[in-house]
Amino acid sequence: MKASAIANANIALVKYWGKRDKELMLPQTGSISMTTEGLQAHTTVEFDSKYQDDILIVGGKEFKKGDEEYDDYVGQFLKVVREKFPDKVGDLKVKIVSNNNFPTAAGLASSAAGFAALAAAVNEALKLGLDDKELSMLARRGSGSATRSIHAGFVEWHRGEKEDGSDCYAEQLFPPEHWPELRMVVAVTSKKDKKIKSRAGMKQSVATSPYYKVWRDEVVPKHIEIIKKALAEKDFKVLGETAEANALMMHAVAIATTPPVIYWNAGTMDIIHAVMDWRDEGLECFFTIDGGPQVKVLCLEKDSDEIARRLREFENIEDVIITKPGSGVRITDEHLF
Ligand code: DP6
């Protein structure tokens with residue numbers, strides 16, 4: 001009862017910011033993302049009677065029951081798996097080992113890749129027989145954005161209407177081959193863990209941001225329609241303008257939260273201004289930012305090396321990674337233990 005899976009992170013073009021049901025992890029709105037090749041989580045799970053307790057090791061560090069990191073994330077996810085599939089799990093404990101090839105918890109969608117890989121590995125190890133849609137629903141119970149990392153390419157996470165969450169899942173809009181020239185150049189401005197997790201930040205925004213209602217009822221529904229059309233027509237300008245506006249509006253909602261949720265650092269601001277200047281000079285590029293200080297620059301392949309070169313010249317940038325539309329989750333024979 002051992003299996004391993006690899007999943008890529010994803011970067012949202014229309015952001016998910018807020019839940020309507022915390023237990024079932026149902027979002028307030030739909031969202032759209034690009035799965036990014038190369039920002040990977042690799043996870044091995046083994047359910048076995050030889051384990052006295054669940055064991056979790058991420059990036060070489062062990063997490064235990066009682067740690068917030070464990071209880072609110074993997075602990076909660078395992079509880080869901082045990083409640084949903086009692087016949088398959090029985091009273092077996094599980095060992096989980098996971099590694100990312102990028103900084104965790106710094107706004108690089110580490111939980112998305114991690115839970116997509118974990119859900120797929122659990123599905124395989126326990127022979128649950130879930131299809132991709134069901135797998136996206138299981139991954140959602142670990143972290144909302146993980147629901148999108150199950151699929152390759154361009155992905156829509158449906159908000160759904162039902163209270164039980166049975167219509168809340170992710171689906172592929174287009175495969176990576178639809179627009180293989182698209183690039184996200186990730187500028188890592190800090191590798192430190194962020195102070196406010198997305199989960200806590202979005203909860204506060206729903207509760208206190210005066211802009212939340214307009215974000216949920218007007219901004220996101222409009223942006224979903226525009227981005228879907230821009231993807232279908234491969235209209236880079238409209239895609240970039242809308243994704244950038246969406247990110248800024250999400251951060252406006254977050255900044256207006258009490259207490260304020262501000263993810264940007266000085267490096268983030270420098271790149272925002274640089275991208276706008278480069279655009280004025282005729283270099284086609286747009287930025288997006290998630291729950292952390294990193295900036296992702298959306299561009300086309302023809303400009304990606306030049307943009308990466310310019311980003312590397314900034315003093316306060318720790319790393320620059322070029323990513324493209326990537327593959328969905330997959331099972332691998334390479335076990336981590
Ligand atoms: C800003 O999926 O990490 O990256 O569901 O609470 O685990 P939880 O939150 P998470 O939030 C991601 C927020 C975001 C936008 C996005 O990826 O859509």
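**View 1. K234 in the loop between helices α7 and α8 of a predicted model.** K234 counts as partly exposed because its relative accessibility is 38%; buried means under 20% relative accessible area, exposed over 50%, and partly exposed in between, with a 1.4 Å probe and protein chains only. The loop that holds K234 runs between α7 (212-233) and α8. Helices (H or I, at least four residues) and strands (E, at least two) are DSSP runs, numbered from the N terminus. K234 is not a glycine, yet its phi is positive, about 50°. Most residues other than glycine have a negative phi, and most peptide bonds are trans. The model is predicted, and local features need pLDDT of at least 70, side-chain atom pairs count only at pLDDT 80 or more, and totals for chains, interfaces and linings use all residues. Residues are numbered from 1 along each chain as its sequence is written, and side-chain values use heavy atoms, with hydrogens and water left out.

**View 2. K127 in the loop between α3 and α4.** Helix α3 spans residues 110-125 and helix α4 spans 132-140, with K127 in the loop between them. K127, although not a glycine, has a positive phi of about 50°. With a relative accessible area of 60%, K127 is exposed.

**View 3. The cis peptide bond from T258 to P259.** The omega of this bond is near -10°. P259 belongs to the loop between α8 (236-255) and α9 (266-280).

**View 4. The surroundings of the ligand.** The ligand is surrounded by 17 residues, and the closest are Y16, K19, S143, G144 and S145; a residue is near a molecule if one of its heavy atoms lies within 4 Å of it. By class, this shell holds 6 nonpolar, 6 polar and 5 charged residues. Here Ala, Val, Leu, Ile, Met, Phe, Trp, Tyr, Cys and Pro count as nonpolar, Asp, Glu, Lys and Arg as charged, and the others, Gly among them, as polar. Helix α6 (residues 198-208) gives the largest share of the shell, 3 residues.

**View 5. Side chains of K19, S143 and D290 at the ligand.** In the side chain of K19, an N or O atom is 2.6 Å from an oxygen atom of the ligand. For S143, a side-chain N or O atom is 2.6 Å from a ligand oxygen atom. A polar side-chain atom of D290 lies 3.5 Å from an oxygen atom of the ligand. Taken alone, the ligand exposes 460 Å², of which the protein buries 93%; accessible areas come from the Shrake-Rupley method with a 1.4 Å probe.

**View 6. The second largest pocket.** This pocket has a volume of about 430 Å³, the space filled by probe spheres set on grid points joined across faces, edges and corners. On a 1 Å grid over the protein atoms alone, a pocket is an open set of points where a 1.4 Å probe fits, with protein on both sides within 12 Å along at least five of seven lines, and lining residues have an atom within 4 Å of a point. Of the 18 lining residues, K19, K22, M25, R199 and K203 are the closest to the centre of the pocket. Helices α1 (68-84) and α6 each supply at least two residues of the lining. By class, the lining has 5 nonpolar, 3 polar and 10 charged residues.

**View 7. C168 in the loop between β8 and β9.** Strand β8 covers 154-157 and strand β9 covers 170-174. C168 counts as buried, at 0% relative accessibility. C168 and S136 are 32 residues apart along the chain, and their C-alpha atoms are separated by 9.1 Å.

Technical notes. A polar contact is a pair of N or O atoms within 3.5 Å; within protein, one must be able to donate a hydrogen and the other to accept it, and residues adjacent in sequence count only if both atoms are side-chain atoms.
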